[in-house]
Amino acid sequence: MVYIRLSSCVSRQNSQPNHPITAGKMMTLMSSLLALATVVGVCTGAKLHPLLARLDTLPCGTSTMKPGERVAIQSKNFPKNYPVDERCQWEISCDPESSTYLEFICPAFKLESSNDCMWDRLTVAQHGDRNIHCGSDSPDGTITNDGWARVTFFSNSKTTAPGFRCFVWCREQTTTATTTTTAATTTTVVTTTTAETTTTAETTTPAETTTPV
(Lines give C-alpha, C1' and ligand atoms only; values in the text may rest on other atoms or scores of the structure.)
Protein backbone atom coordinates (compact mmCIF):
# COMPACT_ATOMS: atom_id res chain seq x y z
CA MET A 1 0.00 0.00 0.00
CA VAL A 2 1.40 3.42 -0.95
CA TYR A 3 0.71 6.42 1.28
CA ILE A 4 1.27 10.01 0.15
CA ARG A 5 1.86 12.64 2.80
CA LEU A 6 -0.08 15.79 2.07
CA SER A 7 1.01 17.80 5.10
CA SER A 8 3.00 20.14 2.88
CA CYS A 9 -0.22 21.03 1.04
CA VAL A 10 -2.01 22.09 4.22
CA SER A 11 -1.35 25.60 5.37
CA ARG A 12 -1.32 26.59 8.99
CA GLN A 13 -4.20 28.69 10.26
CA ASN A 14 -3.74 32.43 9.57
CA SER A 15 -0.36 31.81 7.88
CA GLN A 16 -1.74 32.50 4.38
CA PRO A 17 -4.84 34.20 3.03
CA ASN A 18 -7.92 32.00 2.80
CA HIS A 19 -8.43 31.07 -0.89
CA PRO A 20 -11.47 28.90 -1.72
CA ILE A 21 -10.74 25.72 -3.71
CA THR A 22 -12.93 25.48 -6.77
CA ALA A 23 -14.29 22.22 -8.16
CA GLY A 24 -11.95 22.49 -11.14
CA LYS A 25 -8.89 22.82 -8.93
CA MET A 26 -10.02 19.88 -6.81
CA MET A 27 -10.44 17.66 -9.88
CA THR A 28 -7.00 18.67 -11.13
CA LEU A 29 -5.49 17.90 -7.72
CA MET A 30 -7.18 14.49 -7.55
CA SER A 31 -6.06 13.61 -11.08
CA SER A 32 -2.48 14.54 -10.19
CA LEU A 33 -2.59 12.40 -7.05
CA LEU A 34 -4.00 9.40 -8.92
CA ALA A 35 -1.36 9.73 -11.62
CA LEU A 36 1.39 10.01 -8.99
CA ALA A 37 0.06 6.96 -7.11
CA THR A 38 0.00 4.96 -10.34
CA VAL A 39 3.60 5.92 -11.18
CA VAL A 40 4.78 5.09 -7.66
CA GLY A 41 2.98 1.76 -7.77
CA VAL A 42 4.52 0.79 -11.10
CA CYS A 43 8.00 1.79 -9.98
CA THR A 44 7.85 0.11 -6.59
CA GLY A 45 5.70 -2.88 -7.45
CA ALA A 46 3.10 -1.88 -4.87
CA LYS A 47 -0.37 -3.33 -5.21
CA LEU A 48 -2.80 -0.67 -6.38
CA HIS A 49 -6.51 -0.30 -5.88
CA PRO A 50 -8.48 -1.98 -8.72
CA LEU A 51 -9.63 1.43 -10.01
CA LEU A 52 -6.01 2.52 -10.33
CA ALA A 53 -4.78 -0.69 -11.92
CA ARG A 54 -4.05 -0.53 -15.61
CA LEU A 55 -6.51 -2.42 -17.80
CA ASP A 56 -4.71 -3.91 -20.78
CA THR A 57 -6.52 -4.37 -24.07
CA LEU A 58 -7.14 -8.02 -24.85
CA PRO A 59 -5.36 -9.22 -28.01
CA CYS A 60 -7.11 -11.36 -30.60
CA GLY A 61 -7.29 -15.01 -29.55
CA THR A 62 -8.49 -17.08 -26.61
CA SER A 63 -8.73 -15.77 -23.06
CA THR A 64 -9.96 -17.21 -19.74
CA MET A 65 -11.23 -15.07 -16.88
CA LYS A 66 -12.30 -15.58 -13.29
CA PRO A 67 -15.41 -14.15 -11.58
CA GLY A 68 -14.93 -10.48 -10.75
CA GLU A 69 -12.38 -9.85 -13.49
CA ARG A 70 -12.86 -7.71 -16.60
CA VAL A 71 -11.06 -7.18 -19.88
CA ALA A 72 -11.22 -4.57 -22.62
CA ILE A 73 -11.53 -5.27 -26.34
CA GLN A 74 -11.32 -2.64 -29.05
CA SER A 75 -10.85 -2.14 -32.75
CA LYS A 76 -7.38 -1.52 -34.09
CA ASN A 77 -6.16 2.10 -33.89
CA PHE A 78 -9.04 3.09 -31.58
CA PRO A 79 -10.07 5.92 -31.12
CA LYS A 80 -8.79 6.59 -34.65
CA ASN A 81 -10.36 4.88 -37.64
CA TYR A 82 -9.75 1.16 -37.95
CA PRO A 83 -8.04 -0.10 -41.11
CA VAL A 84 -9.77 -1.79 -44.04
CA ASP A 85 -9.79 -5.56 -44.45
CA GLU A 86 -9.43 -6.06 -40.72
CA ARG A 87 -10.48 -9.21 -38.87
CA CYS A 88 -10.04 -10.01 -35.20
CA GLN A 89 -11.69 -12.69 -33.12
CA TRP A 90 -11.82 -13.01 -29.34
CA GLU A 91 -12.96 -16.20 -27.64
CA ILE A 92 -13.63 -15.33 -24.01
CA SER A 93 -14.57 -17.77 -21.28
CA CYS A 94 -15.27 -17.32 -17.59
CA ASP A 95 -14.34 -20.28 -15.42
CA PRO A 96 -16.46 -22.20 -14.56
CA GLU A 97 -18.71 -21.52 -17.56
CA SER A 98 -21.76 -23.31 -16.10
CA SER A 99 -22.11 -20.98 -13.10
CA THR A 100 -20.98 -17.63 -14.57
CA TYR A 101 -21.94 -15.18 -17.30
CA LEU A 102 -20.35 -12.36 -19.31
CA GLU A 103 -21.61 -8.78 -19.38
CA PHE A 104 -20.68 -6.33 -22.16
CA ILE A 105 -20.37 -2.60 -21.51
CA CYS A 106 -19.48 -0.53 -24.60
CA PRO A 107 -19.02 3.21 -23.94
CA ALA A 108 -17.81 3.83 -27.52
CA PHE A 109 -19.16 2.18 -30.67
CA LYS A 110 -19.21 3.54 -34.23
CA LEU A 111 -18.89 1.27 -37.27
CA GLU A 112 -19.86 1.70 -40.89
CA SER A 113 -23.62 1.40 -41.33
CA SER A 114 -25.09 -1.03 -43.88
CA ASN A 115 -28.25 -3.04 -44.49
CA ASP A 116 -28.19 -6.22 -42.44
CA CYS A 117 -24.64 -5.25 -41.40
CA MET A 118 -23.24 -6.61 -44.67
CA TRP A 119 -20.06 -4.55 -44.48
CA ASP A 120 -18.23 -3.64 -41.25
CA ARG A 121 -19.67 -5.52 -38.29
CA LEU A 122 -19.12 -6.91 -34.81
CA THR A 123 -20.62 -10.35 -34.17
CA VAL A 124 -21.26 -11.55 -30.61
CA ALA A 125 -21.96 -15.29 -30.43
CA GLN A 126 -22.91 -17.22 -27.33
CA HIS A 127 -24.37 -20.61 -26.65
CA GLY A 128 -27.83 -20.57 -28.22
CA ASP A 129 -27.68 -17.04 -29.64
CA ARG A 130 -25.83 -14.83 -32.16
CA ASN A 131 -26.16 -11.08 -32.76
CA ILE A 132 -24.56 -8.85 -35.41
CA HIS A 133 -23.91 -5.14 -34.72
CA CYS A 134 -22.93 -2.23 -36.95
CA GLY A 135 -23.37 1.53 -37.21
CA SER A 136 -24.21 2.80 -33.70
CA ASP A 137 -26.03 -0.40 -32.68
CA SER A 138 -23.63 -1.63 -30.01
CA PRO A 139 -23.73 -4.81 -27.88
CA ASP A 140 -23.79 -2.63 -24.76
CA GLY A 141 -25.73 -4.37 -21.99
CA THR A 142 -25.47 -7.85 -23.52
CA ILE A 143 -25.53 -10.63 -20.93
CA THR A 144 -24.61 -14.13 -22.07
CA ASN A 145 -26.39 -17.35 -21.11
CA ASP A 146 -23.22 -18.73 -19.51
CA GLY A 147 -19.54 -17.88 -19.20
CA TRP A 148 -18.58 -18.14 -22.87
CA ALA A 149 -18.68 -15.84 -25.89
CA ARG A 150 -16.99 -15.43 -29.28
CA VAL A 151 -16.63 -11.86 -30.54
CA THR A 152 -15.61 -11.26 -34.17
CA PHE A 153 -14.81 -7.90 -35.78
CA PHE A 154 -14.71 -7.56 -39.56
CA SER A 155 -14.15 -4.57 -41.87
CA ASN A 156 -14.41 -4.54 -45.64
CA SER A 157 -12.13 -2.86 -48.16
CA LYS A 158 -13.94 0.49 -48.32
CA THR A 159 -15.30 2.85 -45.66
CA THR A 160 -13.91 2.89 -42.12
CA ALA A 161 -15.01 4.52 -38.85
CA PRO A 162 -13.65 5.29 -35.35
CA GLY A 163 -14.47 1.75 -34.16
CA PHE A 164 -15.34 0.53 -30.69
CA ARG A 165 -14.13 -0.14 -27.17
CA CYS A 166 -15.99 -2.58 -24.92
CA PHE A 167 -15.45 -3.91 -21.42
CA VAL A 168 -16.31 -7.54 -20.72
CA TRP A 169 -17.09 -8.51 -17.13
CA CYS A 170 -17.01 -12.05 -15.76
CA ARG A 171 -19.70 -12.44 -13.11
CA GLU A 172 -21.10 -15.26 -10.99
CA GLN A 173 -24.68 -16.33 -11.52
CA THR A 174 -26.92 -15.84 -8.52
CA THR A 175 -28.73 -18.96 -7.36
CA THR A 176 -31.99 -18.66 -5.45
CA ALA A 177 -32.72 -21.56 -3.14
CA THR A 178 -36.22 -23.00 -3.52
CA THR A 179 -37.89 -24.54 -0.48
CA THR A 180 -40.69 -27.03 -1.05
CA THR A 181 -43.02 -27.79 1.84
CA THR A 182 -45.05 -30.99 1.73
CA ALA A 183 -48.08 -31.26 3.97
CA ALA A 184 -47.93 -34.25 6.27
CA THR A 185 -50.71 -36.82 5.84
CA THR A 186 -51.96 -38.61 8.96
CA THR A 187 -53.81 -41.89 8.55
CA THR A 188 -55.89 -43.08 11.49
CA VAL A 189 -56.62 -46.78 11.69
CA VAL A 190 -59.80 -47.59 13.61
CA THR A 191 -59.86 -51.00 15.20
CA THR A 192 -63.24 -52.43 16.24
CA THR A 193 -63.25 -55.07 18.94
CA THR A 194 -66.30 -57.36 19.16
CA ALA A 195 -67.21 -58.66 22.57
CA GLU A 196 -66.89 -62.42 22.86
CA THR A 197 -70.21 -64.19 22.77
CA THR A 198 -70.58 -67.40 24.75
CA THR A 199 -73.30 -69.80 23.71
CA THR A 200 -74.27 -72.49 26.16
CA ALA A 201 -75.85 -75.49 24.55
CA GLU A 202 -78.85 -76.68 26.51
CA THR A 203 -78.72 -80.43 27.39
CA THR A 204 -81.97 -82.29 27.84
CA THR A 205 -82.02 -85.59 29.60
CA PRO A 206 -84.85 -87.77 28.38
CA ALA A 207 -87.28 -88.98 31.05
CA GLU A 208 -86.92 -92.51 32.26
CA THR A 209 -89.16 -94.96 30.38
CA THR A 210 -90.88 -97.81 32.35
CA THR A 211 -91.70 -100.88 30.48
CA PRO A 212 -94.73 -102.85 31.93
CA VAL A 213 -94.04 -106.45 33.00
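Helices (H or I, at least four residues) and strands (E, at least two) are DSSP runs, numbered from the N terminus. The model is predicted: local features need pLDDT of at least 70, side-chain atom pairs count only at pLDDT 80 or more, and totals for chains, interfaces and linings use all residues. Residues are numbered from 1 along each chain as its sequence is written, and side-chain values use heavy atoms, with hydrogens and water left out.

Of the 213 residues, 26% are buried. Here buried means under 20% relative accessible area, exposed means over 50%, and partly exposed lies in between (1.4 Å probe, protein chains only). The accessible surface is about 16000 Å², and carbon and sulfur atoms hold 53% of that surface. Such areas come from the Shrake-Rupley method with a 1.4 Å probe; for residues, only the protein chains shown count as cover. Contact is defined as heavy atoms within 4.5 Å. Among contacts with a separation of 6 or more, 76% are between residues 24 or more positions apart.

Five strands form an open sheet in the order E1-E3-E7-E5-E6, and the pairing is mixed. Strand E1 (61-65) and strand E6 (129-133) each have a single partner strand, so one side of each lacks a neighbour in the sheet. From one strand to the next, the twist averages 15 degrees. Axes for such angles are lines fitted to C-alpha atoms, for helices over the stretch in contact, and angles run from 0 to 180 degrees between N-to-C directions. Two strands pair if DSSP finds at least two bridges between them. E5 and E6 run antiparallel and are joined by five bridges. Val 124 has Asn 131 in E6 as its bridge partner.

The largest nonpolar core has 24 residues. Such a core is a set of buried Ala, Val, Leu, Ile, Met, Phe, Trp, Tyr and Cys residues joined through side-chain atoms within 4.5 Å. Ile 73, Trp 90, Ile 92, Leu 102, Leu 122 and Phe 164 touch the most other members. At least two core residues come from each of strand E2 (70-74), strand E3 (87-94), strand E4 (100-110), strand E5 (121-126), E7 and strand E8 (163-172). Beyond four places in sequence, Phe 164 touches residues including Ile 73, Phe 78, Trp 90, Leu 122 and Phe 153.

Thr 152 lies in strand E7 (residues 148-154). Thr 152 is buried because its relative accessibility is 15%. Its side chain makes a polar contact of 2.9 Å with that of Gln 89. A polar contact is a pair of N or O atoms within 3.5 Å; within protein, one must be able to donate a hydrogen and the other to accept it, and residues adjacent in sequence count only if both atoms are side-chain atoms. Leaving aside neighbours within four places, Thr 152 also contacts residues including Arg 87, Arg 121 and Leu 122.

The loop between E2 and E3 holds Pro 79, which a cis peptide bond joins to Phe 78, with omega about 10 degrees. Asp 85 is in the loop between E2 and E3. Asp 85 is not a glycine, yet its phi is positive, about 50 degrees. Asp 85 is exposed at 55%. In the loop between E3 and E4 lies Pro 96; its cis peptide bond with Asp 95 has omega about 0 degrees. Cys 117 sits in the loop between E4 and E5. Cys 117 has a positive phi of about 55 degrees, and is buried at 10%.
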